Every structure is written in C-alpha cells, then in structure tokens.
Amino acid sequence: MGRLAGKRAVVMGAAARDNMSQVIARRFANEGARVLVAGRHMEELERFAAEIGGQAYYCDITNREDCGRLAQAAAEKLGGIDIALNGAGWGLLKPFELTTEEEIRRMTDLQFIGPFFFFQAILPKMQQGGSLIQISSATATIMLENHAAYMGTKAGFDHVMRCLANEYGERGIRANSISPGLTESPMTAGAKAIPGIFETYRNRYPLGRIGTMDDIAAAAVWLASDECFMSGQNLQVNGGLTLRGNPTGAELDAAAIKSTGKPRPRPWESQAASI
C-alpha cells in the first residue's frame, strides 16, 4: 500500500510535459492517491491524466472564478480534497531596472495573487486535516542576480503559507513550502547546454550534485502524508545550496568564457532586439 493510499490530490501547474508538477503528480498517483491535475492546456493535461489514471481540469490560476470552479470540480470528482499543491510559476530572468510594468503585474498575478485564489478556493473543500503545498524556490531565501520579480513573489507567498499554517492548524490542515535550487528539468535545459554553467553550480552544493524533480516529488509525498508533523515551514530541498549560495553572474560568465570564449547569453537582450 502506498504512502498516500486513499488520499485525494489536486496538482496545479501540470500542463507542460514532464514539468515538475507532472513529476509530483505521477509520484502521488504511484503512492496511491487519486489525482486531479490542472492548468491551462487541456490537451496535455488530458494526455497526462490518462497516463497516471487521474483526471484533468482547466484552470487559469490567476482567475478567481476558475479557481472556484476547479475546487468544486475536484471535490465532486474526487469525493473531497486532502492534498493541494501549487507548482505554477514563471522563471523570468531580467535586470531589476529593465523589468516592465507588464512583467511585474504578470509575475504578481501568477506567483502571488493566483496562489492566493487557489488556496482560498481549496480550503472550504477540505474537511478535518489536509496538506497545502507551495513550490517555492531557494532564491526566496538566497540571492540570484536578475531575478527580483520572481524571487520577491515567491518569498512573499512563503509568508502567506505560514499564515495559512497558523490560521488553519486548528482544523488539522498543514501548510508548507518546498524550495528547490537549480534543478534538472526541461526549464533548465538551456542553462545546462552552456558549458561550465552546471559545473559552477554543482560546486555550490555540499551534497555534490544538482537536484532533480524526483527529489522534490519525494519531499512533496512526505509533506502530503500522514507521517508529516510539520506546518508553516519552508523545506529547503536543494542539497545544501542555501549554505553556500548561488554563483554570482561574474562567476557564471567566467565559467562560460573559459568553456566557450564568450559570456552567457542575456535573454533580456535578445528580447529587446526582437521588439
């Protein structure tokens, strides 16, 4: 019997193939949970739901009504909700002074207001007990250059999770964040393709390797299980990266120059050139 046998889970942000939310949802299903996955791309959600024997539902997390409909549908389709995990996010890399108003508002909608709507909708559908899980980031605690909008919204919502832990603990509901560092995933494939970048990061991990999505899924299973007696915490599942911190931009450029003869690409420069 799996560690989540009999549990009913909603996983937000699972609409991109093989992303972190999908890896977590698959692990939940393998551990015995009934899983409903949500996001904005129904074709991929339905494909993935069929793969894991789960269900799919459209939801734009930035839309309050969508979140309400998702919570209602999940409660009806699953017979209730025991686990709610939000993995939606946008890894914008851009200097502070170049970040546009549109980008700031989009980031805030996706990584602060949206999760607020999501958990607001879920909580009335949870009875006594349950687990709320937010995928945060090591950069909500430690520095990374050109990442302020992402880091600020992640850090802000970590504090909201602490508020939920405090306010809903009397109902037996736990609320925790998980903070990965640089993780082997489709999102980081571009960085990995630049010689020297992953090697420079690896030196910052006391455990000697880059994290994987399976590492995060394992932590999520524990937080979702009845074995967990933790609430209001930010679980730093990043191999000790927060002890040493991320490399600086100068260090990453030096590594790239050593390997390729030129500094790392600046995504914001190519974006500006294309406008």
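The legends below describe close-up views of a predicted model.

**View 1**
Helix α1 covers residues 20-30 and is mostly covered, with 8 of its 11 residues buried. The buried residues are Met 20, Ser 21, Gln 22, Val 23, Ile 24, Ala 25, Phe 28 and Ala 29. Just after α1 comes Gly 32, which has a positive phi of about 105°.

**View 2. Helix α1 against helix α2.**
Helix α2 is formed by residues 42-52, and its axis comes within 10 Å of the axis of α1. The two axes cross at roughly 25°. Angles under 35 degrees count as roughly parallel, so α1 is described as roughly parallel to α2. The crossing of these two helices is right-handed. On the α1 side, the contact is made by Gln 22, Ala 25, Arg 26 and Ala 29. On the α2 side, Glu 44, Arg 47, Phe 48, Glu 51 and Ile 52 take part. Sorted by class, the contact of α1 with α2 has 4 nonpolar, 1 polar and 4 charged residues.

**View 3. Helix α1 against helix α8.**
Helix α8 spans residues 213-224 and packs on α1 at an angle of about 50°, with the axes 9 Å apart. The two helices are therefore oblique to each other. Their crossing is right-handed. From α1, the residues in contact are Met 20, Val 23, Ile 24, Arg 27 and Phe 28. They meet Met 213, Asp 214, Ile 216, Ala 217, Ala 218, Ala 220, Val 221 and Ala 224 of α8. In the contact of α1 with α8, 11 residues are nonpolar, none is polar and 2 are charged.

**View 4. Helix α3 against helix α4.**
Helix α3 (residues 64-78) packs on α4 at an angle of about 35°, and the axes are 8 Å apart. The crossing of α3 and α4 is right-handed. Arg 64, Cys 67, Gly 68, Leu 70 and Ala 71 represent α3 in the contact. Their partners in α4 are Gly 114, Phe 117, Phe 118, Gln 120, Ala 121 and Ile 122. The classes in the contact of α3 with α4 are 7 nonpolar, 3 polar and 1 charged.

**View 5. Gln 111 in helix α4.**
Gln 111 belongs to helix α4, which runs over residues 101-122. Gln 111 has a relative accessible area of 1%. Buried means under 20%, so Gln 111 is buried. A polar atom of the Gln 111 side chain lies 3.4 Å from the backbone oxygen of Tyr 150. Apart from neighbours within four places in sequence, Gln 111 is in contact with Gly 89, Trp 90, Tyr 150, Thr 153, Lys 154 and Phe 157.

**View 6. Arg 266 in a loop.**
Arg 266 sits in the loop between α10 (249-260) and α11 (267-274). Arg 266 is partly exposed, with a relative accessible area of 22%. The Arg 266 side chain makes a polar contact with the side chain of Asp 253 at 2.7 Å. The side chain of Arg 266 also reaches the backbone oxygen of Arg 264, at 3.0 Å. Gly 190 is 76 residues from Arg 266 in sequence, and the C-alpha atoms of the two are 12 Å apart in space.

Key. Residues are numbered from 1 along each chain as its sequence is written. This is a predicted model: local features need pLDDT of at least 70, side-chain atom pairs count only at pLDDT 80 or more; totals for chains, interfaces and linings use all residues. Side-chain values use heavy atoms; hydrogens and water are left out. Buried means under 20% relative accessible area, exposed over 50%, partly exposed in between (1.4 Å probe, protein chains only). Helices (H or I, at least four residues) and strands (E, at least two) are DSSP runs, numbered from the N terminus. Axes are lines fitted to C-alpha atoms, for helices over the stretch in contact, and angles run from 0 to 180 degrees between N-to-C directions. Angles under 35 degrees count as roughly parallel, over 145 as roughly antiparallel, 65 to 115 as roughly perpendicular and the rest as oblique. A crossing is left-handed if the near helix is turned anticlockwise from the far one by less than a right angle, and right-handed if clockwise. Contact means heavy atoms within 4.5 Å. Ala, Val, Leu, Ile, Met, Phe, Trp, Tyr, Cys and Pro count as nonpolar, Asp, Glu, Lys and Arg as charged, and the others, Gly among them, as polar. A polar contact is a pair of N or O atoms within 3.5 Å; within protein, one must be able to donate a hydrogen and the other to accept it, and residues adjacent in sequence count only if both atoms are side-chain atoms.
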